[in-house]
Amino acid sequence: MLLQLNNIFKWVTTGGQRIFLLKDINLEVEEGEFISIMGPSGSGKSTLLNVIGMLDTFDEGEYNFMDESVHSLKEKHRSNLYKQYIGFVFQSYHLLDELTVKENLEMPLIYKKIKGSERKAMVADMLDRFNIVGKKDLFPAQLSGGQQQLVGVARALIASPKLILADEPTGNLNSKQGEEIMELFKQLNEEGVTIIQVTHSEKNAEYGSRIINLLDGRMV
Amino acid sequence: MLINHLKIAWRSILKNKLFSFINVVGLSIGLCSALVIGAIIYFDFSFDTFHKDKDRIYRVTSLFKSGNDEFTNRGVPVPLMQTFKDGVSGVEEVAPFMSANFSKVENKSQEVILKNVNDGIFADEGYFQLFDYQWLAGNSQTALSEPAQVVLTKNTAAKYFPKKSPTDVIGSTLVYNDSINVKVSGVVADFEKNTDFKFTDFMSMSSAKMFGEKEIATSDQWNNTSSGDQLFFKVREGVDMAAIRSRLDALAKEHKNTAAWAADDERLFVLQSLPEIHFGGKSGDYPFNNSDHVASKTVLTSLSFVALFLLLLGCANFINLNSAQALTRAKEIGIRKTLGSSKKQVVRQFLGETFILTVLATLLSLLMAPFLLQQFSEFLPSGIDLSVLYSMQGILGIILLVTIVSILSGFYPAFVLSKFRPVAVLKGQFTKGDKGTRLRKTLTVFQFVVAQVFVIATMLVTKQLHFVMNKDMGIKTEAVAYVRLPWNDKSEVKKERLFSQMEKIKGLSKVSWGGNPPTSNNISSTILTYFKEENEMHQETEMLWGDITYLKTYGIPLLAGRERLNDSVKEYIVNERFAKALGFQDPAEVVGTFLKMDSTQIPVVGLMRDFNQRSLRSDIKPLALTGDWGNSNYSSFNAIHFDLGNNTDNWNETIEGVEQAWASVYPDQEIQVEFMDELVEGFYRRERSTVQLLKWATGLAILISCLGLMGLVVYTTERRVKEIGVRKVLGANLAQLNILLCKEFLILVAVAFAVAVPISWYLVQEWIESFAYKTELSWWVFLASGIGMAVIAMAVTGARTYKTANINPIESLRNE
Ligand SMILES: Nc1ncnc2c1ncn2[C@@H]1O[C@H](COP(=O)(O)OP(=O)(O)OP(=O)(O)O)[C@@H](O)[C@H]1O
Ligand SMILES: [Mg+2]
């Protein structure tokens, strides 16, 4: 088992009132799964994904990731954990504007303290695999949306994570570009990478092996 | 990792060119002022720090107390030197020496003649034991043991004996003052580091008699103190200084002046440690007779405050802009965190960027420093330069400064950013939250407070200076001048000849005999006794000597009584303040009374109007004018005062006439015509340099603050282009948008003004206290400076907001 959420609650308090963002979430994810999270806007999909990705905290419950209990870990430890196992893909790509494609890909490796020569090889590999060798010296602003997202996915993959978290990865793309990304995910999944994506599109959700529906912070 | 950080840093600097430029320039101006002022301060603190055992070396000086007055003399009576040479317990080595001016030094064999050598001293071997010179020829034991021996410094030896090496010079003869043959017995290297010991000719002490100077061994002139007679000594290690001090007190008591008039006077011997000498002791004396510069600790302190504030301004600016700009990079930080960057790494990255900018600013400031130094050169001692900045210490100092500044200005944004939680950032919450605006506003207010204080202070100090330089002193200062007769030629015949020649010059409307001019820095005073209802009243009175036309020449009116009968009759004319001091309700009543000086009764025959005898820092004092009768040995009339008349066209011609007359009487002496208006201006030299410094500081402070403001405006408007676009679509016009954008900055400037007013009022108040005559600290000065600042701020913000308000909304909205 890759990760397990038990009775997760998350809330914010405004005006003395607790507003629940997540309510009693129970979820088990096995290695190699491809899960789609769906639900209306504001239902808590992004929040849940961020909790899984350890970018956000929760208020109650237990979260075990690869037999480590995340809720009792220190921040530093936690960041080590996701640095090693998790890759993110965002709806608005979130590439670093000041860095070229190549340098963007290199970034996670630097944070993992991988040696320079090794880094170069890994980046070259990725550029090859995603067919963007020709773009390696361009800056994000010089790429189309689809190309940027491709770089985003490549960057998420480069450190060979066990789990990829994607928040509406195709939200800003046209349907053809979206399909390409989905095909890519499917292929990755077949190679053994676990994927959890948030999506509004039924069609994209079909790529996954399991669909989780959220409504008002609750799984339905 | 490091390279990656530097790369990103460099690119983001380039990406925000204007912003980075403002940032770097602001900081470099602050740094530059700090560096230049630092070099100036270092210069004064670097004097005579190289002497061996410098902490154990002291100089004895004299302090005289008479009534409420205190004055100091850097010398000691000569017999005290002998007392020390005979041995004082706790003292290890003694070095007495006497300043010497030689009118002529001649090397006959090479036909070299040098006139007016003023850097000589009479010294004995003690001098070279106490002060460690490097001997190039001869040795310290024997070089000064005999009469008619002289030790030269290398540079001087080269002057007297061109092209000869130090060893060749030994044994050669020099002729001093036309007739005294002296053998060169040693050559020492000149001190290379900053020093006040700029002596060049060390004549053996035993030669003093040949030069007509005092002899240490035989002199008993305990009450004769001349500033050139110096006594240095070195104490044994661990000695109790109190014991030496009390010994000096005892000596002073023992040899107190026994004359009746000195009964109430007191003389003390005061110790000055070697490092203190450059700072001139209590009354700001020059270190030695041949010194041309004395450092003032108050001036250095104010300078360091100016430097500190300009540096703080630069840093505040830097922090402000950096943190403002950093927030626009929150997104980048968020992404980095999701990619696995730790807090520490974020902090390091931002510190690194700040460091690059600081280094850039430092390089820029080093480039600008020589230009800034040049601006101050007018009132700086010669010999100051920036080489210290490139010395080992200087470089270490700069590195330290750069590190501190980077940390100060890099830490805040680094920490704010590293604390951002990536979710919050990626959700875009950071743009809504106004992180750090409070700090930024505080810093902006601080900048403007400093700038505003500088502006107000400059205006008020200038106003005071204008006031004292233009206030009517009560005498005529325009077109009046005097020449002082040579002190070393006392011939009465020559005097009279010059006077009568000057009387013949057509352009001179009045010519008078006199001593000092009515207003000057040299004032002598005496005690006059007045019998008031059988009680003796002693009145300290300042004295002026002048002939019967002296008052007319200086345009001082007689208010009552008459002019004296002739130039040498024993009669006084006193001023109103004197009459009041004696207790006359109506000053005119003083005319006809008698005053006693020593044992003579002298009538007061006239009352002159009050005028300022000194700079307007001091008040008017009781004063008496009299003729030339006091001393049969020498005349009190040692200057000729004259009025150049109203016709300015003839002035040059007239002055030439005076110069010719002088040249015909004193062909060997140089004439020095002193103009009264220049003399009065000279009273305020220090104030004028203060104004100059303040003007610079103000200019720089305003510049930095405006750069800071501009940076903030750029940042704010850029962040608000979208809002402005929306407002425009909704129908807002240009004026409304400008007001909207400028308002928040003008509020800050207003707050700064409110804070600056009391601070500057207090500071100027303190400064102006030292003047007896004060200008008013008028409210309009404050108001004007406030309005001026607001206008500048408005211009700076307006230029930018106007541009932003003009952007086509379609463009700004499409960006999202
Ligand atoms: N800090 C917060 N304070 C208050 N409410 C919050 C906060 N963060 C999120 N919410 C609320 O939590 C709810 C869930 O937000 P979330 O972003 O997870 O929705 P979502 O399902 O991803 O929606 P979408 O499909 O529009 O992206 C929303 O109603 C949002 O308003
Ligand atoms: Mg969402």
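Modeller: Let me begin with a term: two residues are in contact when heavy atoms of theirs lie within 4.5 Å. Please keep in mind throughout that this is a predicted model.

Biologist: With that in hand, which residues is S172(B) in contact with, leaving aside its neighbours within four places in sequence?

Modeller: S172(B) sits in the loop between α6 (166–169) and β7 of chain B. Once its neighbours within four places in sequence are left aside, the residues in contact with S172(B) are F161(B), V182(B), K183(B) and V184(B).

Biologist: Is S172(B) buried or exposed?

Modeller: The relative accessible area of S172(B) is 14%, and a residue counts as buried when this value is under 20%. The side chain of S172(B) also reaches the backbone oxygen of V169(B), at 2.5 Å. Because its relative accessible area is 14%, S172(B) is buried.

Biologist: Staying with chain B, which residues of helix α3 (residues 78–86) are buried?

Modeller: The buried residues of α3(B) pack against several elements of chain B, namely β1 (57–66), β3 (91–107), β10 (229–235), α7 (241–254) and β11 (266–273). After α3(B) comes G87(B), which has a positive phi near 115 degrees. The buried residues of helix α3 in chain B are V78(B), P79(B), L80(B), M81(B), T83(B) and F84(B).

Biologist: How does F415(B) count, given its relative accessibility of 40%?

Modeller: F415(B) belongs to helix α11 (residues 392–419) of chain B. In sequence F415(B) and L351(B) are 64 residues apart, while in space they are 9.8 Å apart, C-alpha to C-alpha. Since buried means under 20% and exposed means over 50%, the 40% of F415(B) makes it count as partly exposed.

Biologist: Looking at chain B as a whole, what share of its contacts between residues at least 6 apart in sequence joins residues at least 24 apart?

Modeller: Chain B has 816 residues, of which 51% count as buried, and it contains 23 helices and 22 strands. Its C-alpha atoms fill a box of roughly 100 × 70 × 55 Å, taken along the principal axes. Among contacts in chain B between residues at least 6 apart in sequence, the share that joins residues at least 24 apart is 79%.

Biologist: How far apart do the centres of the positive and negative side chains of chain B lie?

Modeller: The accessible surface of chain B comes to about 38,300 Å², and 55% of this belongs to carbon and sulfur atoms. Chain B has 84 positive and 83 negative side chains, and the centres of these two sets lie apart by 16 Å.

Biologist: Turning to chain A, which backbone oxygen does the side chain of Q148(A) reach?

Modeller: Q148(A) lies in helix α5 (residues 145–157) of chain A, and its relative accessible area of 15% means that it is buried. Leaving aside neighbours within four places in sequence, Q148(A) is in contact with Y93(A), L95(A), P140(A) and L143(A). At 3.3 Å, the side chain of Q148(A) reaches the backbone oxygen of L143(A).

Biologist: Is S160(A) buried or exposed?

Modeller: S160(A) is found in the loop between α5 and β7 (163–167) of chain A, and it has a positive phi of about 40 degrees although it is not a glycine. Because its relative accessibility is 56%, S160(A) counts as exposed.

Biologist: Finally, how much of the accessible area that ligand 1 has on its own does the protein cover?

Modeller: Ligand 1 lies between chains A and B, and helix α1 (residues 45–52) of chain A gives the most to the shell around it, with three residues. A polar side-chain atom of S46(A) is 2.7 Å from an oxygen atom of ligand 1, and an N or O atom in the side chain of H200(A) is 3.1 Å from an oxygen atom of the ligand. Of the 640 Å² of accessible area that ligand 1 has on its own, the protein covers 63%.

Conventions: Residues numbered from 1 in each chain as written. Chains lettered and ligands numbered in written order. Predicted model: local features only at pLDDT ≥ 70, side-chain atom pairs only at ≥ 80, totals over all residues. Heavy atoms only, no water. Helix = DSSP H or I, 4+ residues; strand = E, 2+ residues; numbered from the N terminus. Buried < 20%, exposed > 50% of the residue type's maximum accessible area, 1.4 Å probe, protein only. Areas by Shrake-Rupley, 256 points an atom, 1.4 Å probe, with all protein chains shown as cover. Lys, Arg positive; Asp, Glu negative; His and termini not counted. Charge placed at Lys NZ, Arg CZ, Asp CG, Glu CD. Near = heavy atom within 4 Å. Polar contact = N/O pair within 3.5 Å; in protein donor to acceptor, adjacent residues only side chain to side chain.
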